[in-house]
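Please read the points with the structure open beside you.

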Amino acid sequence: MKIAVIGTGYVGLVSGACFAEMGLDVTCADTDAGKIDRLLGGEIPIYEPGLDELVRRNAQEGRLHFSADPARCMERAEVVFCAVGTPPDEDGSADLSHVLDVARTFGQHIRKYTVFVTKSTVPVGTSLRIEAAVRRELADRGADIPFDVASNPEFLKEGAAIKDFMSPDRVVVGVRSERARRIMARLYRPFLINNFRVLFMDIPSAEMTKYAANAMLATRISFMNDIANLCDLVGADVEMVRKGIGTDVRIGSKFLYPGCGYGGSCFPKDVKALARTAREHGYTMEVIEAVERVNERQKGVVCDKLRRILGPLEGRCIAVWGLAFKPETDDMRESPALTTVLRLLDEGAEVRVYDPVAMDEARRRIGDRVVYCQNMYEAAEGADAVALVTEWKQFRMPAWGDLRRCMRGDLIVDGRNILDKEEALAAGFRYLGIGK
């Protein structure tokens with residue numbers, strides 16, 4: 001089966017490489033010729049563990065191809081995946097301009113029955129707009145070519161995307177016709193063989209499932225952050241509370257970790273877009289809008305704790321450990337670490353930073369306003385405080401003696417609750433966690 005994946009960002013590249021690994025003939029296409037040239041040269045534009053090897057192997061074995069001509073790829077494909085970005089507009093709604101551009105190109109160039117599959121995260125009802133755009137282009141061509149639109153939202157976690165794709169909790173597919181259902185079932189046959197769940201449903205339900213899933217996870221995070229902030233005020237330990245409620249089988253322990261807020265390419269924009277969709281239909285999602293407010297407030301918690309102990313931050317030297325929004329990625333979109341760094345700079349602090357993989361991305365976003373360091377201890381040299389903002393594993397067990405010797409001050413603000421508080425105190429540090 002020949003498929004085309006339009007868009008070589010995070011979702012498109014991971015999906016294309018994993019489909020190729022399953023034996024399909026895949027062409028990943030993008031209008032960014034420079035990105036395609038880099039991919040053809042073996043350069044992977046994103047950091048994702050295992051992705052470079054997966055791309056290299058499947059390209060060498062002739063299953064994975066790259067093209068700067070999406071239109072030509074569509075002419076040959078049986079299934080076209082749309083995996084372009086849907087960034088938020090100023091009002092919080094999803095920007096569908098790139099998706100509709102792909103739909104128009106699809107309508108202009110398909111030659112036979114083809115399934116247009118939306119992999120991008122899009123609001124409920126987008127499939128109708130896609131179908132209308134395709135029909136207009138076919139009418140302009142005077143072509144009577146059958147096609148179907150399907151929805152196949154992704155549920156990939158950055159840092160574990162390949163495992164998530166190859167061994168998914170579930171695959172959600174929204175279709176309207178039996179013909180499209182048969183093709184999508186054939187496409188995902190390897191998952192059916194391995195007894196993974198492929199859930200077929202109507203397209204609006206598939207579109208809503210993606211938003212509902214991300215909104216639920218974001219809700220759990222903001223809920224625990226609210227609980228953690230109250231624990232700080234009443235003297236409770238949120239880690240004990242988390243364990244106490246997480247053992248309830250009705251609740252479970254996942255996504256109950258308090259911290260300094262969520263970020264990334266999905267949760268922030270999807271929460272905003274879901275709330276916006278509701279408002280467009282005359283309904284207010286009170287819980288979801290509160291989730292966003294809590295998260296925006298939580299992004300300031302590290303600076304609040306630094307200020308509480310150090311007073312005004314002007315002239316203070318702060319080491320920031322972690323810049324990506326989560327470990328195992330260089331993605332800084334909506335990163336709480338980025339918010340923390342920018343607020344520190346605005347308050348006149350000197351900021352020294354280190355992240356295992358996101359330093360180049362940080363330079364692109366922040367420029368030369370901070371000191372970039374080679375490791376976590378260099379970042380802490382002469383610092384009044386260390387702010388741990390991304391929970392990379394290598395930060396979990398610092399050499400406390402070495403850290404104490406290189407710092408000027410003694411304050412640790414653990415924005416992810418991954419350090420051992422008793423060890424820090426025993427080493428002569430003042431320690432502040434979240435809800436501890």
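1. Start with one term. A salt bridge is a side-chain nitrogen of Lys or Arg within 4 Å of a carboxyl oxygen of Asp or Glu. Side chains of opposite charge can pair when their charged atoms come close. Lys-305 and Asp-232 make such a bridge, with their closest N and O atoms 2.9 Å apart. Lys-305 sits in helix H14 (residues 301–310) and Asp-232 in helix H10, so the pair ties together parts that are 73 residues apart in sequence. Helices (H or I, at least four residues) and strands (E, at least two) are DSSP runs, numbered from the N terminus.

2. Know what you are looking at. This is a predicted model, in which local features need pLDDT of at least 70 and side-chain atom pairs count only at pLDDT 80 or more, while totals for chains, interfaces and linings use all residues. Residues are numbered from 1 along each chain as its sequence is written, and side-chain values use heavy atoms, with hydrogens and water left out.

3. Asp-232 is partly exposed, at 30% relative accessibility. The cut-offs are these: buried means under 20% relative accessible area, exposed over 50%, partly exposed in between (1.4 Å probe, protein chains only).

4. Helix H10 also takes part in another bridge. Arg-297 pairs with Asp-226, and their closest N and O atoms are 2.6 Å apart. Arg-297 lies in helix H13 and Asp-226 in helix H10, so this pair ties together parts that are 71 residues apart in sequence. Arg-297 is partly exposed, with a relative accessible area of 49%. Asp-226 is partly exposed too, at 35%.

5. How many salt bridges does the whole structure hold? The search finds 36. One of them joins Arg-57 to Glu-21, with the closest N and O atoms 2.9 Å apart. Arg-57 is in helix H3 (residues 51–60) and Glu-21 in helix H1, so the pair ties together parts that are 36 residues apart in sequence. Arg-57 is partly exposed, with a relative accessible area of 25%. Glu-21 is partly exposed, at 29%.

6. Now the empty space. Rolling a probe the size of a water molecule over the atoms shows where empty space is left. The method uses a 1 Å grid over the protein atoms alone: a cavity is a set of points where a 1.4 Å probe fits but cannot get out, and a pocket is an open set with protein on both sides within 12 Å along at least five of seven lines; lining residues have an atom within 4 Å of a point. Grid points are joined across faces, edges and corners, and a volume is the space filled by probe spheres set on the points.

7. Look at the second largest pocket. Its volume is about 1400 Å³. It has 48 lining residues, and the closest to its centre are Gly-9, Tyr-10, Lys-35, Gly-85 and Arg-333. Several helices each supply at least two lining residues, among them H1 (10–21) and H16 (359–366). The lining divides into 19 nonpolar, 13 polar and 16 charged residues. Here Ala, Val, Leu, Ile, Met, Phe, Trp, Tyr, Cys and Pro count as nonpolar, Asp, Glu, Lys and Arg as charged, and the others, Gly among them, as polar.

8. There are two cavities of 30 Å³ or more.

9. Tyr-262, Pro-268 and Glu-292 are among its lining residues. H12 and helix H13 (286–298) each give two or more residues to this lining.

10. Finish with two buried residues. Thr-121 lies in the loop between strand E5 (114–118) and helix H6 (126–141). Thr-121 counts as buried, at 7% relative accessibility. Val-99 is in helix H5 and is buried, with a relative accessible area of 0%. Contact means heavy atoms within 4.5 Å. Leaving aside neighbours within four places in sequence, the contacts of Val-99 include Cys-82, Phe-116 and Ile-130.
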